[in-house]
Structure formats: structure tokens, C-alpha cells
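We will go from stop to stop, picking a few residues each time and looking at what surrounds them.

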Amino acid sequence: MTVAELVANLRLNRDFMSNVVAWERLPARPSATQPVELPQTIRQALKERGIDQLFTHQAEAVTAVSQNQNVVIATTTASGKSLCYTVPVFQRLLERPKARALYLFPTKALSQDQLAETQTLIAAGNLPFDVYSYDGDTPRSQRTQVRRSDGILITNPDMLHAGILPYHTGWRSLLSNLEFVVLDEIHAYRGIFGSHVANVLRRLQRLCHFYGSNPQFICCSATIANPKEHAERLVERPFTLIDESQNGAPSGEKQFILYNPPIIDETLGLRGSSVLAARDAASTFLASDIQTIVFARARQTVELLLAYLRDDVVYQGGEALSVTGYRGGYLPLERRQIEHGLRTGQIRGVVATNALELGIDIGQLDAAVITGYPGSIASIWQQAGRAGRRNDQSVALMVANNSPLDQYICTHPRYIFGRSPEHALTNPDNLRIMVRHLLCAAYELPFKQGEDFGGFGDVTPLLEALRDEGDLHETRDQFHYVGEGSPATAVSLRTSGDDTVVIQAHDEDGVHVIGEVDLDTAPVMVYEGSIYMHQARTYLVEEFDWNGRIAHVRPIEVDYYTRASIGSSIRELNPEETAEEFLTQRRGDAEEKREKSGQSAKSADLFRAWGDVTVVTKATGYRKIKRYTHETLGFGEIDLPEMVLETSGYWLIFSDALTERLYDAGILLRPNNYGPNWQQQRQIVLARDGYRCRNCGAEGKAPPDPQDLTGLLTDPAQSEPPKKPVRSTSLHVHHIRPFRDFNYIPGQNDNYKQANQPENLITLCPSCHKQAEAGQQARSALGGLAYVLRNLAPLYLMCDPGDIEVVAESRSPLTQAPTIVIYESVAAGVGFSQRLFEQHHDLLPAALELVSDCRCRDGCPACVGPPGEIGPDTKQVTRQLLQMLTTGT
């Protein structure tokens, strides 16, 4: 059955159509070509690959490059962007045999893919140059030859940073003859990673200048909102943009379907599993022999879907191995085999994480199934673009899950179809990032007095500061690095560390490695007792050697999988710098009230600070979940060390006086008065539950003495925030049936006694408590404000949204007051927190403007959060809170 026939059948399926919330037909586009003068050898090479003419965007890129322009190409997936740089590079290498080109790809997988494609094209035209790759997998015996070779060098930013630039004397041939630098998939260079890469490019261009070369840059990007600006920010040169309006690549008609699984619980509004719905859709496509890719956000979901699909394929009489998985953790050779199988058509289906969003050549697929909103508009179109790489019709189906954001998209599908993709943001001038690269650059070449470093300008004051700290030595108006070894080895370009855990299988073939996971994800993937899934085969983790970084597994046949519970909490706030905010327009009445009560008239309303934040994450327990039915079969404990993130943060703490005003105005809800027996009942329940979270098993300590919590910004007369750090270790006691339901009125009834019965109380850790209350749609101006700041901060910081996290608590156990904390997701931080602290007075008015100008009625993902996650008046009270914080009224 063809895609067109299957789509027609789906339209006639009443059960299926009853859950389709949007169906968009994206029309076919014919090809548009443009003649370009090319050498005969290149024409022959292209002809051997089935290419007779270049598409218009390819031809315009080749022409612009021939005119010595830096070019950025931003067109859709599978539009042939690689030829936009391959053809002009080949032309230059034919004209100047000693010329060199450097290709940079964000991942080794992409590098290997382009290596194979470039080698094939060179062989097809019998061209007189070669291409080499240089990364961590390159054998040492071949590295000398690679350094001395002419032609094209393919590598990644990490290898350029730590393996090439620090040893530039061995790369003189490359750096002195470098004509082109190609940056592919530049939309991946955003946030902290992109800011690091921009500084690596500054170092590269500095060395090129030293060796007498001045390379052109050619960049390629997926569809983002600011490709030209982003390229110019990364490279710090002017660029010519070739965008989608110039795209001449043909595309077949695409049907995009947004599917919302049926409601299975009317009372709770719960819908069917998105995983099972995605499995049904993919099985339907595969049964019709339609080559299909299924995207899932989590590695475990990939393996679960793979197991389901293989069961279905075997039941239909097919080969189980015709469907495979693709995700991080697979060994490189395994990934290459999967890519080859997809290109040849031997593999009919693949279940993948976003690892296949990037431009790895996996052939011409016909259908894409997206399991849940992938996190950005750009990612949706990247994943949907993996289907329809021919002129024939293709289909992309996105299955929504139960999350509020997915459900908002289902009720507002124009959020996908009518909204432009996100901006890619970087900040190479971030001092914490740039200073590290200044040390790397000084190791490579001494700095001169007054020397510029890229677009930052004169860095002499920074060099003098590094001299004073003992990192540099100044002599004869030059700054020399004085440390031992290359400082680049201590600077990771990525936000995560380099530690990995090797997964070692013990089976009938002996002992062998089947995969690896990052140390950060190991506590939720390979804890003892967990079921590790690899290519749909199940393994029991028998031992996890934390110090040795090895997980020992053995094959096992089970009908369940395991899922870990993990909780994060802010354990410590240690201010580096603090400031007080006075809401001036209301001070007259308030000061008079304070004077009458004998309090100081100088008390601040809001305290803000930036400094060190300690975030503790711990996997505490796991559930055994039956396949298909997803029912819980049992529980287990996880005994692994806590993962501690020492980072930087910026936080706001509300004073008692301001909090009282917000209560009186109805902007914040007063904490419940749980009645006179609350503390006694709370202690009974904590003791009954053994000071453990009843949901995940997390162990807590007895609550701290209340005296230990006094004086932490809770006294309205306190004029200065404390400089000492504050800590949190307590568990929470949660009302199973909400306390407000009992309508307790102090002095009028004793309904608190029924509400506080131990049968209605349960001990939870802070993380599980937050989850338990997530579905109550509680009105929260504080939560709305945190959501707005989460949206705005990346624009002010020029970072990726994933570079920061935001926590809002109506009564923080650290400060005993309403508190919002924005912290950086990378260890030690990179200076974002200090910048937010400094931009406080710009940030809050911008937040008020964003909420006020948003056209939604009750809140949406673009302002205070999606309906279903917030209460009906969250937008209103958030706006009121921001007005009070910005104007005092």
C-alpha cells in the first residue's frame, strides 16, 4: 500500500479521525534549477551520483562563495545543503592543489557520515585530492599522516579545541593554507555550547592570521528564526543568507497529522498512552511496508517502543530485525550499520531519540511518528522533515501526551503551524567562558599588549587580571601562559561532563561491552535491579560499580521494565552579592504602620541576590511496570550517591511585609492554617512512615529545630540579607484529600481534626510532593512569574533555554518566605546569574510587558504557562504581582 492509499484509508477511519485535532496538507514543490559553470571533473562526479544540475539555492551559494562571500544556507531538511559547500571547496582544491578545507560537525556520527559521502564523490570524479577525519577514534598510527595530508580535514569542535589548536605547530600545513571553514548544523551551536564554539573559532582565526591565511566560512543550518544573525555571532564576520525562499529542492506532498489519544478517565481527564498510540500508528505504517521513523524523547521510551514494534512485526509475519533502535549509548559501529541498513532499505523502521534530527544520511523515509512535543517548533519540523525525502507523498504524525503543553498544542494547533521557529542564541563575550579560552589562546600564542580577541576587542585588562592571579606572565609587552600542559584539556565545550559508564554484558558469548551511558543518567538507567534495554533485548543490572564506572548486566526474559524516581532540591543558597528593593509608591502608609508598631522604616520589600547554589539530585527508588498494560508490579530501592550540582544562581526573596500585602490583595494564597494539632499529627505520620517518602523511598531526617530556621530574611525589620548559607533537609507531609476541602474555619468548627487524621496524611519528599500537587491547578502568581522569567531570561542572556532552571516556592524551607531561584544547569555556572542580578530592573518590566501584551485570555505557553498546569486566573494574578514589583501599586 502506498502512503497516499494509507492516508486515504485513515481519513475514512471514524475512530482514528475522532481523535485527530489538526490535519495540514503541505503541498508539493517542484524542483528549480539554475546553471552554474563547473569544471568537467566535478560535473562528472555529480553525474555519477545522479546529479545533472544544481538546485537554485545550491547554485546561488556556489556563486556567492566564488565572489569571496561568507555564506550561510538555511533551508529545510533533505534539500541538499551539503553540496552548497562541497562544490565550491572542490573547485578551490582543483584550482589550488595546496589549499586546505576544514569541515566541523557537532557530532562524530555526522563527521563519519560526511566523510563517507565526500569520499564517494571524490572517487566518482577521480579527483586529485583526498579527505580525512580526525577525532578521538582516529588511530594514533594514522594521526601523523593526517596532519601532513592536503585536501579536506573533517573533525568536530571538541577535537579542534583540545586536539588541534593547542598543538598548532604540527598543523602548520593546514593553518597556513586554510581556504575554507565549513560549519554544518550551526543551529546545534547555541547556548553554552555555542558560546564555547564561538570562542574556539576566535582562537582558530587568530592562529590563521599568525600563519598568514584568511579562510572563508560556509555555514549550514536547519530552519531557525535568525540564521544570518546566528552565523555572524558565531564567526564574527558578515554573511550572505541563502534561505528557504531560494530553496529549489523538490519536495513531495506532506500530510501532517496532530493526534490526541482518546480520554480513558472522564473524571481525571486522563488520555490514553502516547507511547501505545505511537506504536499503533507505526505498526500500521510498517504493515503497509512504509519505511518509518519513530521519534521519542527518552532512551527508555525508544527501547520500549522498539520492543512493542518488533512484537507486532513478528506477529504480522515479518523479521524482528527489520525494525531497530537508534540512540546515544549505542556503539559507533552499531550506529554505522543501522544507518547503512536504513539507506539500503533493509531496515524498514527505526525508533530514535533526537540523535537523528541532525543531518545524518539515513535514506528516503516515507513516514515519521513523533511521540510527544519534542520541546521546540524547530525540532518538530526537523523530525517531520525526516519523512518525504523523495518527490512522493509522505506523512508525519505527532502523538500528544498528557502533559499540559501537549494538550495546549492540541487545543491551539496554530501554535505549531502559525509560529516561527525559535531563535538560536549565544553569548561568546560571557566572561566566565571567554576567560577560559583566553588562557587556551595564550598557551597557543602569547598575547600582545592591546591585542583584540575576536569581536570583544582589547582584552588587555583581562590579561592583566589573569597575570595578577598568576595564570599569565607579562614580559616585553606580551602575556605568556605559565601553567603546566594545555589548559584546553580542563575546558569542556559541552554542559555535561565527560564521565561515562560502560555497560558490560555477561552472556553465552562471554563478557563484552554492549553500550555506554553518561554518568549523569546512570542513576536512572543502570541501578542494581533495573532492566536495561538494548535493541529491545532486556538485561538485568546485577551490579553497578560506581567508582569503576562499569554496570554488569546479564540477559533476562521479563515482561516488565523499570522506571526510577528521581528528585531534585535546592540544598544551599550562598549569596555573593545582595541588594534590597523598596516598592516606593506604597511606602507612606506602610512606614506609618511600622512606626506605630515600633519597627524600622528602612526594611526592604524584596531581597535579590546572586551567588552559589547547591542542587542535589538523587534517584531514590524504582517501579516495575508491566509491558502494554503499564500497571505497577512492585517497587525497589536505589542505593546510589547523590548527584550534587554546585552552580550559580539568582534569587528573589519576598519580605514578610510584602508577602502580607500580597495575601491581602489576593495575589498570593495564604498558607493553610492546619489547626492546633497539626504539628503533633505531622510528627506521628513522619514516624509512622519511618522518615521516608512513601512514593519513592527517599530517606529524610527529622525536621530541624524551628529555631534553626529563624532569622532567614523573615523579619520585616531586617535591613540586610544574611551572608551565611542556608540549607534544607526536611520531608513534607501531604494531605491526600486537600485540606481546603474540609472547610476548616478557626474558632467556628473543628474540621481540622478530620482533615488531619493519619489516614489522610502521607510523607513525601519535596519532589514527590510537587508532583502530587501538580494536577490541582492551584492559582499561583509566583509560579506564573517563574514561568515568565524562564521564557525571558534566555533572551537577555543569549543562552539556550536548557542552560537555566527555575524553581518557585510559596514558602521555601531555606528562606521561610516566598522565593524564586533561577540557577544555571552547568557546574560552577558561566556568569548568567550575575547578569540577571544586574539586569533585574530591566527583566521585571519586560516580564510585565510580555504578560500584558499576550493575546491569550487565561494563560498560555508563551506567557505564564499552559492551561491544565495553571489555575484559571494565574495570568491575572501574575500581572498584578508584576505591577506591584515594578511600580509598587
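Start with Phe-256: its relative accessibility is 0%, so Phe-256 counts as buried. Bear in mind along the way that this is a predicted model.

**Aromatic pairs**

How many aromatic pairs does a search of the whole structure find? The search turns up 20. For one of them, select Tyr-134 and Trp-171: this pair is edge-to-face, with 4.8 Å from centre to centre and 75 degrees between the planes. Colour the surrounding loops too. Tyr-134 sits in the loop between strand 4 (131–133) and helix 7 (140–148), and Trp-171 in the loop between helix 8 (157–164) and helix 9 (172–176), so the pair ties together parts that are 37 residues apart in sequence. Tyr-134 and Trp-171 are both buried.

Now return to Phe-256 and Trp-381. Their ring centres are 5.2 Å apart and their planes are at 45 degrees, so this pair is tilted. Because Phe-256 belongs to strand 9 (residues 254–259) and Trp-381 to helix 15 (residues 377–384), the pair ties together parts that are 125 residues apart in sequence.

Next, select Tyr-674, Trp-678, Phe-739, Tyr-744 and Tyr-752 together; they form one aromatic cluster.

**Charges over rings**

Show Arg-206 with Phe-447. The charged end of Arg-206 sits over the ring of Phe-447, 3.9 Å from the ring's centre. Then try Arg-549 with Trp-546: here Arg-549 lies over the face of Trp-546, at 5.4 Å from the ring centre.

**A cysteine in a helix**

Move to helix 16 (residues 404–411), where you will find Cys-410. Is Cys-410 buried or exposed? Its relative accessible area is 7%, so Cys-410 is buried. Leaving aside residues up to four places away in sequence, Cys-410 touches Val-21, Leu-258, Asn-260 and Ala-400. Ala-400 is ten residues from Cys-410 along the chain, and their C-alpha atoms are separated by 7.4 Å.

**A hairpin to finish**

Finally, select strand 22 (residues 531–534) and look at both faces. Ile-531 and Met-533 lie on one side, Tyr-532 and His-534 on the other, and all of these are buried. Within strand 23, look for Leu-540, the bridge partner of Ile-531. The hairpin has two residues between the strands, and Gln-535 takes a positive phi near 50 degrees.

Conventions:
Residues numbered from 1 in each chain as written. Predicted model: local features only at pLDDT ≥ 70, side-chain atom pairs only at ≥ 80, totals over all residues. Heavy atoms only, no water. Buried < 20%, exposed > 50% of the residue type's maximum accessible area, 1.4 Å probe, protein only. Helix = DSSP H or I, 4+ residues; strand = E, 2+ residues; numbered from the N terminus. Pairing = 2+ DSSP bridges. Phe/Tyr/Trp six-rings, centres within 6.5 Å; stacked < 30°, edge-to-face > 60°. Lys NZ or Arg CZ within 6 Å of the ring centre and 35° of its normal. Contact = heavy atoms within 4.5 Å.
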